[in-house]
Amino acid sequence: MSTTKPATRPENPRFSSGPCAKIPGFSLDKLSDAALGRSHRAKVGKDKLKAAIDGTRELLGIPDDYRIGIVPASDTGAYEMAMWTMLGERPAEMVAWESFGAGWVTDAVKQLKIEHQVHTAEYGEIVDMAALDYDHDVCFTWNGTTSGVRMPSGDAIPADRKGLTLCDATSAAFAQDLPWDKLDVTTFSWQKVLGGEAAHGILILSPRAVARLESYTPAWPLPKIFRLTKGGELIEGIFVGETINTPSMLAVEDYLVALDWARSVGGLMGMMARADANAKAVWDFCDAHDWIDNLATDPATRSNTSVCLKFTDPAIADPAAFAKAVQKRLEAEGVALDVGSYRDAPAGLRIWCGGTVETADIEAMLPWLDWAYHAEMAAQAEAA
Ligand SMILES: Cc1ncc(COP(=O)(O)O)c(C=O)c1O
């Protein structure tokens, strides 16, 4: 045990779970090729939007017959657009094991008021995905950003399902293997694993999702920014870069630069390996210290991006105050920014381990966590 400050500091102390750390070596100069002041409908703008879609398909290995669209309002915009346009045709299984999934449950139950069944698990646990009725639509989050619990695989989702699966994959895309044949709607935001900007969401549709859009009209009105069909047919332009409304060409450029960087580190495999190495460094630290542990109870469901931790020392009098105090110490030292747990989640820490974070920075930060824990325990003992 030591209350001496570690000698080294992380070069980049940004471990926020969103917006996440920018790509290593980022500077605004890298965006100098942005099509600023040009129409997004001019060739230069359209080409960049198309490159963003094509790069997403290439890097994530999305099948050729899936549509990829850039839509307004980040991941929330993309996911709600899918819910509002596709749900209601049949009952929905609404699945939540942390805050964001719970938000989608509220949408279905209180706003859309569709026929539904709710399946929830406590923070740290996961819902039994094999127990759901896949003849219904199923809404779920692949990686629970606020609990650090992820789907271990898509094996529980049957290939011959009659309903659609709507997957919020915002903190999974570019870090975890997504089984496209099991996902009918997938959404994510640029602000997460690629460290991009939050302006836009990515909406990925399987052919079955497109068939739903073209065969079903919801009972409720849709604002213009949610409309994906016209006259009962998919608006194909949205999926080649003709966005519904004006996009930020600066955010688009930033995404293109991030995609290039992801290619340079080995594409999806490289990105997954980087997140795995980062998360492993944190897990090893937990294994080596008996006062801290993963919030995820089953190792197979531990997230490699939003790693959520709880303090397990029974001597801690007030866990919420303790976690906050540790976070404050780390922040004050400038060694770990934004690592407090999400406001609705159990008290603890959350350390972003997505691929834009360097493993060396995680490794340099962890001794500071050890220091902050002991410093806070000492302060608590003194106050008692
Ligand atoms: C799982 C999940 N869903 C949705 C969101 C909302 O994303 P955005 O703010 O980019 O719309 C977040 C943000 O952290 C998230 O983690």
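Tutor: Happy to! In this predicted model, 3 strands make up an open sheet, arranged in the order E12-E13-E14, and their pairing is antiparallel. Let's start at the edges, where strand E12 (292-294) and strand E14 (349-352) stand. Each of these two has a single partner strand, so one side of E12 and one side of E14 is left without a neighbour in the sheet. From one strand to the next, the twist averages 35°.

What holds neighbouring strands together in general? Strands of a sheet pair through backbone hydrogen bonds, and the pairing can be parallel or antiparallel. Here, follow E12 to its partner: E12 and strand E13 (residues 306-311) pair in the antiparallel sense over 3 bridges. To find one of these pairings on your screen, pick Asp293, whose bridge partner in E13 is Lys310.

Helix H6 (residues 267-288) lies across E12, E13 and E14.

For a contrasting kind of packing, look at two helices together. Helix H1 (residues 43-60) and helix H5 (residues 249-264) have axes that come within 10 Å and cross at roughly 35°. This crossing of H1 and H5 is left-handed. On the H1 side, the contact includes Gly45, Leu49 and Ala52, while H5 brings residues including Val252, Leu256 and Arg263. Sorted by class, the contact of H1 with H5 has 10 nonpolar, 2 polar and 3 charged residues.

Definitions and conventions. Residues are numbered from 1 along each chain as its sequence is written. This is a predicted model: local features need pLDDT of at least 70, side-chain atom pairs count only at pLDDT 80 or more; totals for chains, interfaces and linings use all residues. Two strands pair if DSSP finds at least two bridges between them. Helices (H or I, at least four residues) and strands (E, at least two) are DSSP runs, numbered from the N terminus. Axes are lines fitted to C-alpha atoms, for helices over the stretch in contact, and angles run from 0 to 180 degrees between N-to-C directions. Two residues are in contact if their C-beta atoms, placed from the backbone, lie within 7 Å. A crossing is left-handed if the near helix is turned anticlockwise from the far one by less than a right angle, and right-handed if clockwise. Ala, Val, Leu, Ile, Met, Phe, Trp, Tyr, Cys and Pro count as nonpolar, Asp, Glu, Lys and Arg as charged, and the others, Gly among them, as polar.
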